Amino acid sequence: GVNNVDLDSAEQHGIAVFNGPYASTRSVAEMVIGQIFSLFRQSAEKSKQMHQGVWDKSTKHCFELRGKTLGLIGYGNTAAQASVMAESLGMNVIYSDVRKVLPLGNAKQRPFAEVLAQSDVISIHVPGLTSTQGMFNAPAFAKMKRGSFLINTSRGSVVDIDALATALEAGQLLGAALDVFPEEPKSKDEVFKSSLLGIKNVVLTPHISGATEESQNQLGVEVSEKMINFALHGDCASALNFPRLNLAAPTQCHRLLVIHHNTPGVMAQINDIIAEDNVNISAQILQTTAQIGVAAIDLDQQASERIARKLSTLEATIKCRILS
């Protein structure tokens, strides 16, 4: 997620922002399945009792996964992987998404209200948007199947924590596992506070669903490759705040990258400056957003520092770089 990055400001300053949206999908999906086991068998709760010296072998509210229904709210990459894993364990999978999404395996798309009512356990996989803020509130919990479970590894803003605590204490839900929270400590030195503390069969983890050695390694590789391709070739197809410009490495030419404000007449000014040096343009690609444009210009001759300096003086230019 990039909710801690001012994408608009970065765009206006010509700074491309990249992330690794696929790096942790496997890790988060595995965490979801692990939490389902923990909630259905109350293993975290039993472990806590054992540490207190309590030997409780009761089977009350302990269930097998086979034949139960997993409801997924949002069906992106992580939810799709969790869907396949759950089916391999004998679970039925239904999901709700604002888009029409092709399911994997035997999963079925259903309206949001139906997923709430029919699922034995619900796992949330939606972005932190204004439209999703507090979507799991008191009315939503009232519509959930009585005795079901809730898992949230998406964004803390999606769940009304106080309403969840009420639903758990009333027995509407038998348990919950949360890895994200509306307010999270800035460091391990800050005390975590929540109305969920002390409630039976509630598993709380410190935003670690995507934190595995494998995912962190993959994240480094994924983002580094994107940044290198942007630095060397100007490729910003996967940038979150730039026009989607898919560029391969230049061959037998020299490339200029001009990031500029999206104002009329800019390309004419750029081409006039290049023509003054009698340099032929072999290829030119422009993509824009409402605010900026990114132009990749391949020249038959080495782009001189003088051309780059002159392009940099244009009022509309934010940044100009010679890539090769």
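1. A quick convention to begin: a contact means heavy atoms within 4.5 Å. Among contacts in the chain between residues at least 6 apart in sequence, 67% join residues at least 24 apart.

2. Some ground rules. This is a predicted model, in which local features need pLDDT of at least 70 and side-chain atom pairs count only at pLDDT 80 or more, while totals for chains, interfaces and linings use all residues. Residues are numbered from 1 along each chain as its sequence is written, and side-chain values use heavy atoms, with hydrogens and water left out.

3. On overall shape, the chain has a radius of gyration of 26 Å, whereas a compact globule of 324 residues would have one near 20 Å (taken over C-alpha atoms, with the globule rule being 2.2 Å times the number of residues to the power 0.38). The C-alpha trace spans about 85 × 45 × 35 Å along its principal axes.

4. The chain contains 10 helices and 11 strands (DSSP runs numbered from the N terminus: H or I of at least four residues for helices, E of at least two for strands). Buried residues account for 44% of the 324, where buried means under 20% relative accessible area, exposed over 50%, and partly exposed in between, with a 1.4 Å probe and protein chains only.

5. Do look at Ile273 in helix 9 (residues 266-276). Ile273 counts as buried because its relative accessibility is 9%. Leaving aside residues up to four places away in sequence, Ile273 touches Ile307, Lys310, Leu311 and Leu314. The C-alpha atoms of Ile273 and Pro243, 30 residues apart along the chain, are separated by 23 Å.

6. Two histidines deserve a backbone check. Most residues other than glycine have a negative phi. His61, however, has a positive phi near 65°, and His207 has a positive phi of about 55°. His61 is in the loop between helix 3 (43-51) and strand 1 (69-73); His207 is in the loop between strand 7 (202-204) and helix 8 (213-233). His61 counts as partly exposed because its relative accessibility is 36%, and His207 counts as partly exposed at 41%.

7. Which residues lie nearest the centre of the second largest pocket? They are Gln42, His61, Leu174, Lys200 and Asn201, out of 13 lining residues. On a 1 Å grid over the protein atoms alone, a pocket is an open set of points where a 1.4 Å probe fits, with protein on both sides within 12 Å along at least five of seven lines; lining residues have an atom within 4 Å of a point.
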